[in-house]
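Open the model in your viewer and keep the selection panel at hand. The stops below go from pockets to surface.

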Amino acid sequence: MIGEKYRKMEYTMKKVLFIASTGGHLNELMQLKPLFQKYDYHIITEKDKMTENLKEEYKDRISYLHYGTRAHIVKYIFQFLANCFLTVFYYFKLRPKYIVTTGTHTAGPMCVLGKILGSKIIYIETFANRNTKTATGKLIYRFADLFIVQWEEMLELYPKAVLGGSIY
């Protein structure tokens with residue numbers, strides 16, 4: 001009886017994808033960890049030495065994209081293209097109702113694809129920027145269902161945003 005009730009609840013929980021690049025963006029996203037258990041969630045980030053250990057904690061609820069920086073532009077272009085293909089794969093595998101992100105380039109293609117295919121997009125502009133827009137923020141602001149800033153000053157740059165305050 002309890003197992004049956006749990007299975008029904010599991011199917012009615014909203015599917016939420018949390019996605020961010022490694023480093024500060026992922027650190028901000030992980031501040032939302034208390035929300036994870038309220039949803040049928042999945043995390044996507046870049047695979048590097050700092051994120052490999054997350055597999056132990058999140059098991060099949062975490063997936064990785066290729067890590068890349070713009071320092072080596074040719075390598076970055078190929079990694080970005082590979083990540084675009086992985087994005088399509090992960091989107092259709094997970095079929096999230098909501099996509100929550102703190103950015104950056106890793107999240108851009110997922111948010112665009114998600115918006116085209118009917119997901120709701122929730123973007124949280126990074127705490128690191130107080131007076132300037134991020135490239136991903138500029139892109140996603142146009143179509144995000146909810147765009148959150150962490151600094152009051154950012155409301156001047158993003159007038160339709162919601163002031164959420166610091167997530168730290």
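Select F18, L35, Y39, V100 and I122: of the 14 residues lining the largest pocket, these lie nearest its centre. A pocket here is an open set of points on a 1 Å grid over the protein atoms alone, where a 1.4 Å probe fits, with protein on both sides within 12 Å along at least five of seven lines; lining residues have an atom within 4 Å of a point. This is a predicted model, in which local features need pLDDT of at least 70 and side-chain atom pairs count only at 80 or more, while totals for chains, interfaces and linings use all residues. Residues are numbered from 1 along each chain as its sequence is written, and side-chain values use heavy atoms, leaving out hydrogens and water.

Next, colour β1 (15–20), β4 (98–103) and β5 (120–124), each of which supplies at least two lining residues of the largest pocket. Strands are DSSP runs of E, at least two residues long, and helices are runs of H or I, at least four, numbered from the N terminus. The lining has eleven nonpolar, two polar and one charged residues, around a volume of about 230 Å³.

Move to the second largest pocket, with about 190 Å³ of space. Select its lining: K15, V16, D40, Y41, H42, D60, R61, K93, L94 and P96. Which strand gives the most to this lining? It is β2, with three residues. By class, the lining has four nonpolar, one polar and five charged residues.

Finally, find helix α5 (residues 73–94), where I73 lies. α5 also supplies at least two residues of the second pocket's lining.

Methods: Grid points are joined across faces, edges and corners, and a volume is the space filled by probe spheres set on the points. Ala, Val, Leu, Ile, Met, Phe, Trp, Tyr, Cys and Pro count as nonpolar, Asp, Glu, Lys and Arg as charged, and the others, Gly among them, as polar.
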